[in-house]
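Open the structure in your viewer and keep the selection tool at hand. We will go from stop to stop.

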Amino acid sequence: MKPSLGTENHDQIMKDIESLSLEKYVDEIAGAVVEGMARCKTEKDVWSAVEIISALHRRFPKSFTPGLVSSLQAALAPPSRAALSALSQEQREKEDSTRVTRQRPILRVCSELALVGIIRDAPDRSGGEWMMKVIKDLLSNDPSLSSLPLLSTFLKSYSLPYLGLSPPQASKQISAASEPGTLSEETTMVASGAFPPLVKEEDELVEKDIRDRFKKMCEGYFESVSKKLVIEHNRLQEQDRKNHEAYIRSGEIFEDRQQAYEKMTKGYEKLLASCQTLSELLYLPMPTLKAASHKTESIQIGTSTGISLDADGELEDTIRGGKWEDEEERRFFEDIPDLKDYVPKGVLGVEEDEPDKQEDAAEKEQRAKAKVDEEVRQLEEELAGLEASQNGDVSGAPTVIDGRLEDGEGEEDDDAATPTAGTPKTSPPSTPQLTAQGPSQLLTALLARLPDVTNRAGIDQAAVDFAFLNSKAARKRLVKFFSQTPKSRTDLLPHYSRLVAILNKYMPDIGVDLVNVLDEEFRYLQRKKNVVKELSEVRLKNITFLSNLTKFSVVPPHVILHMFKVCLDDFSGTNVENLALLLEGCGRFLLRSEETQQPFSKMLELLRRKQGMRHLDQRQMLLLENAYYQCNPPERTAKEVKQRTPMELFIRHLIYDVLTKKTIDKVLKLVRKLDWNDQEVQRTLHKVFTKPWKVKYGNVPLLAMLTYDLQRYHPAFTISVVDQVLEDIRRGLEQNVYSINQRRVATMKYLGELYIYRLVGSGIIFDTLWTLVTFGHPEGRPVPGQPSPLDMPDDFFRIRLVCVLLDTCGMCFDRGTQQKKLDNFLTFFQYYVLCKDPLPMDVEFMLTDSLEAVRPKLSMYKTFEEAAIAVDEMFNAAFQNAGISTGDDSGDDSGDEDERREQQEEEDGDRPTSEFPADERAPSPEAVLLKSSSTQEKIGPSEDDDAEFAKELAKMVMESSSETRKVDKKTALALWETTVPPPGMRKKRVDETDEDVDRTGEGQRVMNFTVFTKRGSKQQTRQLAIPAESTLAVQTRTAQLQDKVEQQHLKRLVLNYEQREEAEELKALETRNRAGAIKIRYVG
């Protein structure tokens, strides 16, 4: 029995009661029964416990039942006040929660036992008196109302037999006009619920007098709970008001105050839920929780200054533009859905008399017009006063404001109540009010969803959802929710204003209450105008909300115009910012609306005059200027849209919009299908393909790939594109205009991609790199302390361009002569960087990343001297390799010219600007020097190496361009034939080598070399005579002699090897002959 008296043990316990001898264990059974009752959770478990106790009562009526009743009374006894007072608040709450959980099933079982006659007040009476006494003890000794859930549990199941209450037929709620104690007769007569209607009094399980006393006791307890609820509600509102006042004063709510408020809110919500439950169970109305009234505790602001001089203000000559900046804004503020199309008319309450409504609207319009006229009259007087004061003392103008403030309450009332939007007029948003629990939860969910609704369709749907939940309490909760919008979420205010505008047509109290709240908050902020930083965000939220509501015509015109005049009267401090915010928010709308155009124009004129008379700081002047011109922009001609032909639009659409990795084949086919014979089409394509800055930066490689694909079909077009790109790079260096820097970066990226797709050679890339670091400097060499107008020491953009080009194609120069060229350039590039001022962090990171990508093991120079020494050594080595002496001149003039020409061809860009003026780009010749085959080992790679390199380069380019793109056999063969000299040329060169050597050996003073050049598709050769005393000739002769010596040595080794093989074969033959005799067989 101790574990449970529930249904799982019911059958076994009943069998044991009937079969076992239990007389000696009756006292223990009574204690075990009480413990088992505490574990009965469900209604079936309660019934099972009642059956078990009934069986024990029938078997042991004298010994078991009295002890059980005493144990049950002790189990339901209230807690000791002395014991509870010794506990802390948290321990007391925990103890009460445990006690209620333990007593709830025992109370239900006792109620059943009293009904079935086991618990009796007297032999001929039921146990109703006993139950009433137990519940009365629990409730009377409970000041914290912790036992209230026990009463709710009791009334849910036993209100009919013990109190004689039954629910009405229509609903569980009754009208607020009903008085406590007047519904007992009708509720017992009209019963509908779990219990069937009982007609005869003798059939009742509890006596009538006990039912009446029980019901009065419960109603009295409900009155006490209602009074406590009202007190807690007022306390919570007062605390909320204080919190909001502290928030307005300091901009935040301290943690201890916030925790106390949350704890108070939690207790209030718990009490409210219990009180609502009792109201539903006892069918009594909830107490009226009055909302806080709008107290007019703020000062009167905006009164006239009293100046009464004539001034005929004129409207501005022209008011430019419309109310809205664009069509999207117009649709947002004007296209308001009508709730009548989505919500039944009965829900909206549109059955009222329409003529009465029209009359009320006309009266309101007349009153509003009268207020606007009064504002205009006051503005005219003030304008006249300003015109008169311009000839007098201007400094005395603000004194009127001070006198006006003295007439009010003053600014020292910091402790006054805060009439702001945050003051809790009702309970918190999540608290259910007069509405039923279901609609209240739906409204709570709707309000919780609103901060995430940031589009027009979502707000319109939210308005329809709220219309179905419409009630007075719901409207108040909505207004309070809007007033408590976080000050940092000003982005929500336009959408909240649209929601108010949609609902305002059928629920005008929402707009009126919200405008009153914002107006009082504005007045409060005017009193606290000395608090600048702490309340800046609150002012922004207030003005923004009012501006958006004004554009929805929710704020009456005279209200917003009055606020403008208030700020103009005290034209200083925070009011300057308020005016700027109002002008930006709704100034354009007011200036272009018919009913507010005239007064608002006068206000703008007054604003401009006061702005000219006051000495405002630069920030305030800028705010007012921007706000004024945003409200009334100056006249200017409309931007002319360039007219383009359909074909031009189509080509631009293909390249700028359609071109992607997946669509490049499709774009290529469409471009090829264009009429290339049309000059207009060619001109448009040339513009598009030579302006890479107009495409996405990530699509620049695709543009280069498309140019490469068009080369096969339109080679002249590709050449013109490359020429224009190089010209743009050159023009950028000459102009050095900051506004085209982005174009220059895209162009440099484009050039690198063109090299990757074999549209330009490496010579152009190195030529461009050297030009970037030398152009504009004296003798093509930057020097610290000698700034160039085109490349100042603090201008790092050329470094960016070099890094972009290296990042694009620098990794291709990792072998052969191109590797050496890049190494030489990087040496000079470091020298160029050290000539600049200290690099910014972003440029330094870009430079480090680029150099690490192309040369991971490159050692950077720390000082300018180290870099200068390295550059000098590089140039000296280039001179020596070219056969040019850095000291005295040697040889005749013609020989010097030949050596200089040969040096240019040999270096191929190592020092391109040292031989040319600073304003000219050094040439990058395509001549290839072909020497004797015996000298190629010392001077350059062999023919086989060149051929192998050409194959690898072609393979690498084809693989990197695209997986699906393959160079056809004809193109590859043509590429191969252009990279090596023709066989006849090579044979002729080898034949002539011996003649050159012989002539040199006979005492000739020159040595002939063959120079191989290419002009277009035609290959040409010419003879070049080099003096025999030159370094090139000496090295060539020495290399030839070394080759001959090596050839003779190899020849001797080969001959010796053959002789040794023949000797070994003879020796092996002799060995076999000695090993055995030779057998001769005669056949005859």
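What follows is a tour of the chain, with something to select at each stop.

**The whole chain**

Begin with everything on display. This is a predicted model. Colour by secondary structure: the chain has 42 helices and three strands. Of its 1084 residues, 44% are buried. Residues 24 or more positions apart account for 77% of them. Switch to a surface view.

**Stop 1: a positive patch**

Stay with the surface. Select Lys642, Lys687, Lys694 and Arg743, which form a positive surface patch. Lys687 belongs to helix 28, residues 679–689. Its relative accessibility is 37%, so Lys687 counts as partly exposed.

**Stop 2**

Select residues 943–961, which are helix 39. Which residues gather in a patch of negative charge on the surface? They are Asp944, Asp945, Asp946, Glu948 and Glu952. Asp945 is part of helix 39. With 44% relative accessibility, Asp945 is partly exposed.

Next, select Phe949, Leu953 and Met956. These three make a nonpolar surface patch of about 230 Å². Leu953 also lies in helix 39. Leu953 is partly exposed, at 32% relative accessibility.

**Stop 3: salt bridges**

Hide the surface and show side chains. The chain has 33 salt bridges. Start with Arg449 and Asp465, whose side chains meet at 3.2 Å, N to O. Arg449 lies in helix 16 (residues 437–449) and Asp465 in helix 17 (residues 456–468), so this pair ties together parts that are 16 residues apart in sequence. Arg449 is partly exposed, at 38% relative accessibility. Asp465 is partly exposed too, at 25%.

Move to Arg609 and Glu605. In this salt bridge the closest N and O atoms are 2.8 Å apart. Both residues sit in helix 24 (residues 594–613), and because they are four residues apart, about one helical turn separates them.

Now select Arg798 and Asp791. Their closest N and O atoms are 3.7 Å apart, in another salt bridge. Is Arg798 buried or exposed? Arg798 is buried, at 3% relative accessibility.

One more selection here: Glu327, Glu328, Arg330, Arg331, Glu334 and Asp335. Salt bridges link these residues in a network.

**Stop 4**

Select Asn548 in helix 21, residues 536–551. Asn548 has a relative accessible area of 7%, so it is buried. What does Asn548 touch, leaving out residues up to four places away in sequence? Show Phe333, Leu493, Pro494 and Ser497 to see these contacts. Asn548 and Gly585 are 37 residues apart in sequence, yet their C-alpha atoms are 6.9 Å apart in space.

Go on to Arg108, in helix 6 (residues 89–116). Its relative accessibility is 17%. The cut-off for buried is under 20%, so Arg108 counts as buried. Leaving out residues up to four places away in sequence, Arg108 touches Lys41, Glu43, Val46, Thr153, Ser157 and Tyr158. Select that set together with Arg108 to view the contacts.

**Stop 5: two positive phi angles**

Turn to the backbone for the last stop. Most residues other than glycine have a negative phi. Select Tyr283: its phi is positive, about 55°, although Tyr283 is not a glycine. Where is Tyr283? Look in the loop between helix 11 (255–282) and helix 12 (327–334). Tyr283 is buried, at 9% relative accessibility.

Finish at Arg758. This residue is not a glycine, and its phi is positive, near 65°. Arg758 sits in the loop between helix 31 (741–756) and helix 32 (762–774). At 25% relative accessibility, Arg758 is partly exposed.

How values were computed: Residues are numbered from 1 along each chain as its sequence is written. This is a predicted model: local features need pLDDT of at least 70, side-chain atom pairs count only at pLDDT 80 or more; totals for chains, interfaces and linings use all residues. Side-chain values use heavy atoms; hydrogens and water are left out. Buried means under 20% relative accessible area, exposed over 50%, partly exposed in between (1.4 Å probe, protein chains only). Contact means heavy atoms within 4.5 Å. Patches are made of residues with over 30% relative accessible area and no salt bridge: like charges are joined within 9 Å, nonpolar side chains (Val, Leu, Ile, Met, Phe, Trp, Tyr) within 5 Å. Accessible areas come from the Shrake-Rupley method with a 1.4 Å probe; for residues, only the protein chains shown count as cover. A salt bridge is a side-chain nitrogen of Lys or Arg within 4 Å of a carboxyl oxygen of Asp or Glu. Lys and Arg count as positive and Asp and Glu as negative; His and the chain ends are not counted. The place of a charge is taken as NZ of Lys, CZ of Arg, CG of Asp or CD of Glu.
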